[in-house]
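Student: I have a model open and want to learn how to read it. Can we go through it feature by feature?

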Amino acid sequence: MKNKFFKTIAGAMVATIVLSGCDSSQISLEADEAATEVSKEDVSVEKDEAATEESVEDASTKDASVEENTDDATLDESSDDEDSDESASLDNSELYEAFIDGSEKVYFNEEDDILPYHYQQNLNYGEGYTVDELIEGSLASCYKYDDSKGDPTFESKYIDCGNDGIKELVVEVRFPGLENDEYEESEEYLDEWVIKDIDGKLVAKYYGYTAHYWYTSINEYGYVSVNNVGAYLGVLTEQFGFLDENADWVLYYNYYYYLDMDDYVREKGNKGLILDCSSDDWNEMQVEEYVFDEKAPYTDSEKTGFMTYYKYDNDGIIDDDSIYEDSSIYKQTFDEAGVNTCPRSEVEERLEKRREEIGLSEEIM
């Protein structure tokens, strides 16, 4: 099994200053008294004035020294803050490292609800798992494992969810042989776990996977895209979203592309939406759906998303906003069914508004 370590070693230097003293000679009492008398008699006015000027200069030098010391103290305090932040970062890394090394566990919180149903047979909410136990639980939850294809391997990397300067750990586990009977070396089956240090406890915050024609991608700031190559039963599905500064999942939109209107009518009919699109007017029409609510069966309002439809021919999409006018049979049909629509020419504007609503910046994307 291949481990990738992220270790930072901090070194300390200690300087010891040794002060040595000198023995003083003995001074007789007579000499002390004589010196005292001479000193009293020889103090002149000029010396007093010189001493006064010297005292003023010393005071000025002392004030400058105080200011310099104050500045140094401020710099030291700032340096201490930076050292403290660096120390916290080191502690954070060490905890992640301990998990990679197998000496620390990751936990699943039920409120995050990230475990797929079939994983819940072998991985339980509220319990902790080492990286080896996580892999074993994943294997037991998936398809029959063909060990002739090789052992599971994993890699790890750091990302910064929400671009807030605090890192999270991504563990990618690859299972050769899980793909299917038509396994090809170019294919991959990956589990991806985003793990966050929460008050000294490692918590799994997101689960993604890559298998067959389904690809999950997580960028350095936690932006997630789940892409599908090829349509199933006339529908292509994709998902876009991001993990915020707490590594909590925020949906941007679920995307559905229907090859023709019949596919849309069939799929929405399974979710309770009845549409009559049987006339020839609906031929050679495709639909794209942008859903903002995970639980919404279809786009019944601006809050849940929108759908756009368009005609096409052998040359491609026909741009014609007249099919969105209130007088068109298409707009009337969707309005009567309670479906929220959007002209194709306004899709990008509507998606930009969605990004503003959920706080998804261009930097994160």
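Student: Which elements do the buried residues of helix 5 pack against?

Tutor: Some ground rules come before the case. This is a predicted model, where local features need pLDDT of at least 70, side-chain atom pairs count only at pLDDT 80 or more, and totals for chains, interfaces and linings use all residues. Residues are numbered from 1 along each chain as its sequence is written, and side-chain values use heavy atoms, with hydrogens and water left out. Now the terms. Helices (H or I, at least four residues) and strands (E, at least two) are DSSP runs, numbered from the N terminus. Buried means under 20% relative accessible area, exposed over 50%, and partly exposed in between (1.4 Å probe, protein chains only). Contact means heavy atoms within 4.5 Å. Here, the buried residues of helix 5 pack against helix 4 (261–269), strand 11 (285–291) and strand 12 (305–313).

Student: Which residues of helix 5 are buried?

Tutor: An α-helix has 3.6 residues a turn, so residues three or four places apart point the same way. In helix 5 (residues 329–337), the buried residues are Y330, K331, T333 and F334. Seen down the axis of helix 5, these buried residues fall within an arc of 160 degrees (taken from the directions from the axis to the C-beta atoms), so they line one face of the helix. Just after helix 5, G338 has a positive phi of about 80 degrees.

Student: How much of the model can I trust?

Tutor: Check pLDDT, the predictor's confidence in each residue, from 0 to 100. The protein chain averages 78, and 70% of the residues score at least 70. Over residues 1–57 the pLDDT is below 50, and this stretch has 23 contacts beyond near neighbours in sequence.

Student: What is the strand order in the open sheet of 6 strands?

Tutor: Two strands pair if DSSP finds at least two bridges between them. The order is 2-1-6-5-4-3, and the pairing is mixed. Strand 2 and strand 3 (153–159) stand at the edges with a single partner strand each, so one side of each lacks a neighbour in the sheet. Inside this order, strand 5 (residues 190–198) and strand 6 (residues 201–210) run antiparallel, joined by 9 bridges. D191 has Y209 in strand 6 as its bridge partner.

Student: Is strand 9 mostly covered or mostly open?

Tutor: Mostly covered: 8 of the 9 residues in strand 9 (residues 235–243) are buried. Now look at its partners. Strand 8 (residues 223–228) pairs with strand 9 in the antiparallel sense over 4 bridges. Strand 10 (residues 249–258) is also antiparallel to strand 9, with 9 bridges. Follow F240 across: S225 stands opposite F240, and F240 stands opposite Y253 in strand 10.

Student: What do the hairpin turns look like?

Tutor: Count the residues between the strands, then check phi. The hairpin of strand 8 and strand 9 has 6 residues between the strands, and G230 takes a positive phi near 105 degrees. The hairpin of strand 9 and strand 10 has 5 between them, and A247 in the turn has a positive phi of about 65 degrees.

Student: Where is N124 found?

Tutor: N124 lies in the loop between strand 1 (106–107) and strand 2 (128–129). N124 is partly exposed, with a relative accessible area of 32%. Beyond its neighbours within four places in sequence, N124 is in contact with F108 and Y129.
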